[in-house]
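Hello,

Here is the structure I promised to pass on. Please have a look, then read my notes below.

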Amino acid sequence: MRLLIDEHDFGWDEAWDITCRTLSYTNHTVMSEALERWNVDLFREQLPRVYSICQEINRRLIERLCAVYPNDWGKINYMAVIANNEVRMANLCLAACHKVNGVSKLHTDILRNGIFRDYCQITPERFLNVTNGIAYRRWLCQSDPLLTDYLKQLIGGDFLRDARALEKLLPYQNDEKVLADLMAIKRKNKERLAALIENQNGVRVDPDSIFDIQIKRLHEYKRQQLNLLYLIHQYHEIKAGHLPATPLVSIFGAKAAPAYTIAKDIIHALLTLSKVIAADPVVSKYLQVVFVENYNVTAAEKLIPACDLSEQISLASKEASGTGNMKFMLNGALTLGTMDGANVEICQQVGDENIYIFGQTSDQVIHRYEMGDYQASQWVEGDPNIRRAVDFLVGPEMLAAGHEENLRRLHDELVWKDWFQTLPDFNAYVVRKGQALSDYACDPLGWRKKCVINIAKAGLFSSDRTIAEY
C-alpha cells in the first residue's frame, strides 16, 4: 500500500484492490506466540508511515465489520487490526488477503471453526486447505540411497518424477523376499546411525534393537515430556521383571528456544534419565536413551532412514501439520501418534491398521480448554502409574544424576499446570506404544507389510503436489 500510494500515485481504492489480489496468507500455527502482536508505540515510532496506513486499513475494516456485526463490539474488537494498544499481524493478513489457508485438513478446520471463525463467516470462499509436503527427493533419494536403488529395481524410476508412482509398491506387500530385502536395508541404515551415535555421543547402540525416534523442535505441545514419562514407566516395568521381547533404543533430537526454560528442563531430564538407565545393569540391557547432539538436517538425514517407530505425539489440535511424520513414513517407519496435524491424513492414506493412533481427539482437547476444568494434580493423585512416573523426576536416582532445580521445576510444571495435557494421554500412550513394540517383536512379517504400505502411500505428501495446489 505504501509503495502503490506514495511512490506510484495510485488512489487508495485501486491500491487496495491490487494489494488484496496480490497477497495470500498461509497460516502455519495456531500457537499464540507465533501470531505476532506489536505494541502500538513501538510500531508507530519505527514505522510511522506504515502505521498511518494500518490505521486507515483498520478504520475501513471496522466500518465494514459494523455493517456485518452491528453493535457486537466484542467481536469487532477481536477482529480489528489495531486494538488494545497493539497491531495484530494475523488480523492484518485476514483483512488484506484474497486467500487464507491452513497446512493440513485438521488445521484448516480449526482456522475456519476456531480462531478465524468470524472472518470465515463473512467470506468462507477465501478459506481453503493446502496440506504441507516434503522435498521427497532429498528425504528419500539423497537420505536413503539404498532404499531408492531398491525401489528403482522393483517399480522403475517413475517415482523420481511423480511421487504417487510409489503406489506401484503395493503389490509387493505380501512378497516375503521383498519384505526381507527392505528390512535388510533398514538394518544397514540402523548400522549407519549407530556409527554416528558412537562417534558423536560415545554411546554404542544395538542395530537389532527397535529404534524409536522423536526429532523435532523441543516444545511442550510436541510432548517430549510424554515420551520421557513413558521411559520412566518402562524403567520401572523392567526393574519389576517385565522384560520386553526386543530391546528399545529411544532417540531424541531437538533444540529449545534460548529463553524457554521448561523446554531446556525436559532436555535435562532426558539426559539425566539416560545416565540413570545406563548405570543400571539390568535395565540398560533392554532400554537406552540417546539425545543426539546438535540436532540438524544433516543428522536428520541419518536418523530418518534408520527409524522403526516415528513419534508424532503432539497434543491434538496443536500441530499444524508436521512434516517429519511424512519423511519417516516415506522411509518405512510406522507412526505412533495422536490424531493431530497431517497424522490425520496419513491415517486416511494407510488405514487404521497401519498406524498406531492414541489419545484425545482435537474436539476433546478444545472442549477441555473451553471448560477450563483440567487439573493435572488430580491425575497424579488418582493414578498410581502417573504418580510413579512424575515423582521419579525428583526421586533419589534422578537427583543423584542431575540438577534438583531443573528436575523439580519440571516436576512441578507437570503436577500443577501441564498446559498441554500430557497426563490424560499417558495411559493410552503406554498401551498403544506397547502394542507397537509387541507387533515389531512378535509379528515381523506383519510389521514389514505395514512398512511397505506406508512407503507406497507417502506420495501424497510430496511438495510437488503442495506447490501445484498453491
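Predicted model: local features only at pLDDT ≥ 70, side-chain atom pairs only at ≥ 80, totals over all residues.

Residues are numbered from 1 along each chain as its sequence is written, and side-chain values use heavy atoms, without hydrogens and water.

Start with the pair. Helices α10 (residues 145–155) and α11 (residues 176–201) pack at about 160°, with axes 10 Å apart. Helices here are DSSP runs (H or I, at least four residues), numbered from the N terminus. Axes are lines fitted to C-alpha atoms over the stretch in contact, and angles run from 0 to 180 degrees between N-to-C directions. The two are therefore roughly antiparallel (over 145 degrees). On the α10 side, Leu146, Leu147, Tyr150 and Leu154 make the contact (heavy atoms within 4.5 Å). Their partners in α11 include Val178, Leu182 and Ile185.

Next, α21 (residues 404–416). Its 13 residues should span 18 Å at 1.5 Å a residue, and its end C-alpha atoms are 18 Å apart, which agrees. The expected span is 1.5 Å times one less than the number of residues. Buried residues in α21 include Leu407, Leu410 and Leu414 (under 20% relative accessible area, 1.4 Å probe, protein chains only). Their cover includes α12, α13, α18, α19 and α20.

Last, Ser462. It sits in the loop between α23 and α24. Ser462 is buried, at 3% relative accessible area. It touches Gly133, Ile134, Tyr136 and Ala163, leaving out residues up to four places away in sequence.

Best wishes

Conventions
Parallel < 35°, antiparallel > 145°, perpendicular 65-115°, else oblique. Buried < 20%, exposed > 50% of the residue type's maximum accessible area, 1.4 Å probe, protein only.
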